[in-house]
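Hello,

I am passing on the structure we spoke about. Please find it below, followed by notes on what was found in it.

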Protein chains: 2
Amino acid sequence: MKLLVVGSVAYDAIETPFGKTDKILGGAGTYISLAASYAGAQPQVVSVVGGDFEKENITLLENHNIDVKGIQIKKEEKTFFWSGKYHNDMNSRDTLVTELNSLGTFNPIVPDAYKNTEYLILGNLSPVVQRQVIEQMTTRPRLIIMDTMNFWMDIMLDELKNTIAMVDVISVNDEEARQLSGEYSLIKAAKAIRKMGPNIVIIKKGEHGALLFDETQVFYAPALPLEEVFDPTGAGDTFAGGFAGYLAKSGDISFANMKNAVIFGSALASFCVEKFGTERLQNLTKEEIYDRVLRFVDLVNFDYKVH
Amino acid sequence: MKLLVVGSVAYDAIETPFGKTDKILGGAGTYISLAASYAGAQPQVVSVVGGDFEKENITLLENHNIDVKGIQIKKEEKTFFWSGKYHNDMNSRDTLVTELNSLGTFNPIVPDAYKNTEYLILGNLSPVVQRQVIEQMTTRPRLIIMDTMNFWMDIMLDELKNTIAMVDVISVNDEEARQLSGEYSLIKAAKAIRKMGPNIVIIKKGEHGALLFDETQVFYAPALPLEEVFDPTGAGDTFAGGFAGYLAKSGDISFANMKNAVIFGSALASFCVEKFGTERLQNLTKEEIYDRVLRFVDLVNFDYKVH
């Protein structure tokens, strides 16, 4: 089934201990859509770019069966640009440049053809923009997933809470879960965040995997231990996009199937970090994705015996 | 089967955000033996205490079917004492007092009756003491497991490496694995440590679980997400003791069974942190341990489908 994706489509310049890039394609909407496309979902993107956005980047998305009609092009403006440098441990980074450009005045317009989409994922954006998208839907989607970050908790917590109250699934990292809930224990944090509205809470722990919570159940998906993390940019968005795409494709939003969706998202994220930016996500095959999923199965598989 | 345990038997005074204790029973040898006893192994402890060591603490160990003949009592000295205070996040702590006392001149004497024990676990102690134990064995044990810590890496790395070269399994935490190997990636760290001798490397990641490596395989055991960690003291030793005890009891040292042993150790560690010191490890039932193991099974269980 179709998946409506709202998120930034951007240019990034990235420096890691392994090298640096010029401006390359990035943005939450880009990573989410690419990841969801590999699930066999049909992503429809609502976003904005500037007149400098290259045709070949649009073509890349279209080649992944991503519907780009909802990407506004503001000819007289530039595309959102972010530049960052990762520290040696790859777990922290400094932002060097943030130029909002066309994203600064982003007024999301959901094309009529998208307004009945059953699955909606709101990438990390202002919670006001996220809510404007929900409000344009003529039918309340079957599932609304949102990602957010500490930045919005710092500067517009009330607006953020209003949007959180409208969604079914929220995805945050461990530090953000602690900040949002005021609880250190992730179990307590998930409970507190569920009280804000979402039925499902996903807490991403980077190299330590991800936790999925509903009212009574918890699932722990490990991250695949990797020899080398080349560039973590976009890994969280790729995870979320894989999760959303898997659910949209299957049409099954049970907790049991969400566990599989978390594994699928984790598998895609493990590819994402192997190269700069979206490079590794541009030409994956079904076979290599399934092989990667099987490594997750192996990683946690045990057959307990009482001796 | 029997398990020879070498490790400190000590008194601890602990302060956490939840409260503080007077001197209570602690020490790696204590936690390891208690944990192993719940696996149905028959732990035999080699250690040393002072004249101040309470009879009731000996009785506690004996009541868990732990053979204490190898615990030397130095009447004129005092028992090793450690005091520490945990920070609010419970992931870091300050050591307030370390009095080596009787442990400072510990000359381990393995009773003749223990010298053919098939399973040996060396709790965190000076690598010289650990090696002295191995050298007293008349038959090379079927499996030697060692725990160590950054302290020994800082002050006697060469001695430590000599001991590491003699064991089959080494257990360290993630920071220690990085320090010992000089590698940030835990995959690379495990490879480098295996080259030092041990066939099996266990990397403990605290609230993020543990990784088990052999030459070609890796297993990720999550930690159970807990509402409250009351006191982390002894969790790593409890994990190692549960691991060693499970293997000794089953007599199966295949990688597949080591995965179960890691789960058993993780389950016991999840009890350990629920109360101060050894309190929660004093009266566990088989049923509650098995229930806890089943929570680990649930936590990671998924049945992947390709949609």
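**Notes on the structure**

In chain B, helix 3 and helix 5 cross in a left-handed sense. Please keep in mind throughout that this is a predicted model. Helix 3 of chain B covers residues 127-136 and helix 5 of chain B covers residues 157-164; they pack at an angle of about 30°, and their axes are 8 Å apart. Angles under 35 degrees count as roughly parallel, and helix 3 and helix 5 of chain B are therefore roughly parallel to each other.

Which residues make this contact? From helix 3 of chain B come Pro127(B), Val128(B), Gln130(B) and Arg131(B), and from helix 5 of chain B come Glu159(B), Leu160(B), Asn162(B) and Thr163(B). Sorted by class, the contact of helix 3 with helix 5 in chain B has 3 nonpolar, 3 polar and 2 charged residues.

Next, the sheet. In chain B, 9 strands form an open sheet with mixed pairing, in the order 6-5-1-9-10-11-12-13-14. Strand 6 (67-74) and strand 14 (218-221) of chain B are the edge strands, each pairing on one side only. From one strand to the next, the twist averages 15°. Strand 14 of chain B is joined by 4 bridges to strand 13 (residues 210-213) of chain B, and the two run antiparallel. One pairing to look at is that of Leu212(B), whose bridge partner in strand 14 of chain B is Phe219(B).

Now to the two chains together.

The contact between the chains takes 34 residues from chain A and 34 residues from chain B. On the side of chain A that touches chain B, the elements giving two or more residues are helix 7 (186-195), strand 14 (218-221), helix 8 (235-250), helix 9 (255-272) and helix 10 (286-300) of chain A. Helix 10 of chain A gives the largest share of that side, 5 residues. By class, the side of chain A that touches chain B has 20 nonpolar, 6 polar and 8 charged residues. Of the interface residues of chain A, 100% are also interface residues in chain B, so the copies meet through the same surface.

Regards

Definitions and conventions:
Residues are numbered from 1 along each chain as its sequence is written. Chains are lettered from A and ligands numbered from 1 in the order in which they are written. This is a predicted model: local features need pLDDT of at least 70, side-chain atom pairs count only at pLDDT 80 or more; totals for chains, interfaces and linings use all residues. Two residues are in contact if their C-beta atoms, placed from the backbone, lie within 7 Å. Ala, Val, Leu, Ile, Met, Phe, Trp, Tyr, Cys and Pro count as nonpolar, Asp, Glu, Lys and Arg as charged, and the others, Gly among them, as polar. Axes are lines fitted to C-alpha atoms, for helices over the stretch in contact, and angles run from 0 to 180 degrees between N-to-C directions. Angles under 35 degrees count as roughly parallel, over 145 as roughly antiparallel, 65 to 115 as roughly perpendicular and the rest as oblique. A crossing is left-handed if the near helix is turned anticlockwise from the far one by less than a right angle, and right-handed if clockwise. Two strands pair if DSSP finds at least two bridges between them.
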